[in-house]
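Colleague: I am new to this structure and would like to go through it slowly. Could you show it to me before I ask about its parts?

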Amino acid sequence: MAEIAAFAKPASLEATPTHYCPGCSHGVIHRLLAELLDELGIRRRTVTVLPVGCSVLGYDYFSTDCQEASHGRAPAVATGVKRARPDLFVLCYQGDGDLASIGAGEIVHCANRGEKVTVVFVNNATYGMTGGQMAPTTLPDQETTTCPGGRDVDQAGYPIRVAELLSTLRTPAFIARGAAHTPRHAIHAKALLRRAFRCQMEGRCFSLVELLSICPTNWGLPPAEAGRWLERQMIPYYPLGVLKTPDGPDRAPLPLATLPEAAPGSAR
Amino acid sequence: MARTLIKGNEAIGEAAIRAGCKLFFGYPITPQTEILEYMSRRLPQVGGTFVQAESELAASNMLYGAAGAGERVMTASSSPGISLMMEAVSYLAGAELPAVIVNVMRAGPGLGGILPGQADYLQATKGGGHGDYRCLVLAPWSVQEAVDLMRDAFDLADYYRNPVLVLCDGVMGQIMEPVEFADERSPCRPLGAKDWATTGWQGDRPRAVINSLYLDPDRLQAHNRHLQAKYDRMTRDEIRCAGPDPAEPLDLLVVAYGASARVSATALEVLKTRGVAAALCRSISLFPFPSAAVARAAARAKAVLVVEMSAGQMLEDVRLAVGERRPIHFLGRQGGILVMPEDVVDAAERILAAPAVREGAGG
């Protein structure tokens with residue numbers, strides 16, 4: 001009965017229905033994480049940190065010890081857990097409003113201190129829980145309830161590319177971006193997550209995987225169409241791949257392009 | 001036992017370490033910074049962990065995470081930084097996590113100044129953060145008492161699963177005094193295992209979930225009632241105050257805490273030499289406030305004088321305790337200026353010389 005085994009519920013997920021909307025990527029991402037906790041045998045030493053956002057009730061779904069965090073503070077809470085108990089595996093699960101807006105300070109410093117935690121950053125280009133407001137990741141001209149005429153970059157600036165931003169830091173071990181809207185992408189995402197988990201298990205410092213995901217409810221699109229929208233609109237702005245690995249000779253940030261207006265005599 | 005001459009802030013750090021504090025998260029701010037510096041030096045020596053956070057907001061949320069993992073944890077700051085921590089204090093109280101938070105108060109509001117103040121009393125005792133919650137609030141009047149209260153603060157935090165605020169004014173942080181660090185002793189309250197902490201779920205207990213979210217209104221109300229019952233127990237069992245001696249004659253009752261109480265005690269010695277029957281009721285626990293003790297002492301006096309480095313914050317609790325039964329006077333200084341003993345002496349003599357008080361009215 002190999003088929004049944006393949007679709008068995010991971011032990012790291014509770015046997016309970018979730019509150020997520022039909023088509024939402026959170027369910028897929030939860031499953032990928034739970035499968036990894038099972039496969040790597042770390043569920044019993046995992047603490048999952050779940051801040052405010054659609055995934056705030058994640059403590060009902062992940063079959064691990066959990067801490068709820070206030071809005072944006074998950075990287076600080078995760079820091080506290082990991083520093084108190086370095087033997088624990090600390091998984092931090094954040095949305096884009098949480099991580100890129102109200103918690104922008106906490107994620108930058110958690111990454112820069114090189115906390116030995118793993119952050120899963122779910123980017124669906126909107127605030128899901130509060131009903132589809134503009135996020136720092138909302139795309140130019142994308143309509144939300146707080147930018148009804150579409151995101152005006154003159155007023156709100158361009159969306160923040162979190163994975164690229166954090167990759168400019170010298171410290172972090174592993175930073176990558178995947179997506180969760182098709183089975184093919186989910187398999188790729190799981191491979192990225194596995195590498196991020198491995199970093200923490202090997203005692204390397206901070207790892208983060210950004211996962212592009214769909215929000216059919218707040219995008220006002222059926223799931224299949226939402227997937228196509230992600231493909232056409234999000235991936236060109238948020239390219240998928242690995243931005244930083246722990247394999248380099250040092251933790252050097254991505255090389256900067258030659259500065260066009262460098263001072264005379266600047267060494268390059 | 002040997003006495004050590006030590007600065008208040010450093011003594012607070014040392015006392016925390018001796019009380020078993022394993023992690024400190026903080027951010028620099030005057031006049032608290034020596035606690036941060038001391039902990040950065042000392043904690044690694046005893047196998048503890050020090051983290052300099054990017055902000056007080058982050059420090060207080062690191063505190064939450066580490067408290068939830070079951071360790072003895074602490075942060076310290078001064079007034080503007082404490083305001084930034086209020087989010088986490090509300091979450092700590094809501095999720096019932098034990099943590100010790102030291103506020104070395106400076107003068108406010110806003111950026112205020114770096115000199116001592118006592119104007120965070122209402123923030124500390126009445127809430128500060130959102131929602132119905134209380135912190136235990138302890139206020140030392142000497143470096144020795146700060147050391148002793150730090151010991152108890154960690155036990156009380158664990159016992160009640162609640163944040164404990166140690167409210168020091170800038171004077172307590174900055175003065176140097178000889179201090180005795182007590183030997184090992186058993187906890188001041190019976191403490192159980194932290195089986196609620198997120199230490200990894202082995203299946204031998206319910207899954208640990210540190211949380212303050214209850215979307216069901218009945219469950220949230222039940223949670224609130226549980227918290228209120230805990231605060232009622234604190235109010236019943238944790239009142240700490242000193243004086244006045246019930247045998248001494250009493251015309252004027254002085255009520256104060258921290259450095260203002262210390263100044264008032266000096267003033268009372270002067271008043272004694274002038275034959276004035278004045279005595280001090282010093283509040284050590286600010287929440288719970290020693291209302292009954294203040295009311296009892298006030299009943300023996302002709303008038304009450306409240307002394308604070310604020311515009312009158314504890315004054316509100318004294319008024320609630322004493323009501324209209326005695327005239328209540330207030331002497332306060334702001335801006336980082338200490339009340340001087342002669343100020344208290346003058347105020348006391350003026351109050352007792354007023355015709356209504358001389359005739360024994362006010363009862």
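Colleague: Which domains does the domain assignment give for chain B?

Modeller: This is a predicted model, in which local features need pLDDT of at least 70 and side-chain atom pairs count only at pLDDT 80 or more, while totals for chains, interfaces and linings use all residues. Residues are numbered from 1 along each chain as its sequence is written, and chains are lettered from A in the order in which they are written, with ligands numbered from 1. The bounds come from an automatic or database domain assignment, which for chain B gives domain 1 (4–237) and domain 2 (242–358).

Colleague: How many residues does the contact take from each domain of chain B?

Modeller: The centres of domain 1 and domain 2 of chain B, taken over C-alpha atoms, are separated by 29 Å. Counting two residues as in contact if their C-beta atoms, placed from the backbone, lie within 7 Å, the contact takes from domain 1 of chain B 27 residues and from domain 2 of chain B 22 residues.

Colleague: Are helix H1 and helix H2 of chain B parallel, perpendicular or oblique?

Modeller: Helices here are DSSP runs (H or I, at least four residues; strands are E, at least two), numbered from the N terminus. With axes as lines fitted to C-alpha atoms over the stretch in contact, and angles running from 0 to 180 degrees between N-to-C directions, the axes of H1 (residues 8–18) and H2 (residues 33–42) of chain B come within 8 Å and cross at roughly 40°. Since angles under 35 degrees count as roughly parallel, over 145 as roughly antiparallel, 65 to 115 as roughly perpendicular and the rest as oblique, H1(B) is to H2(B) oblique.
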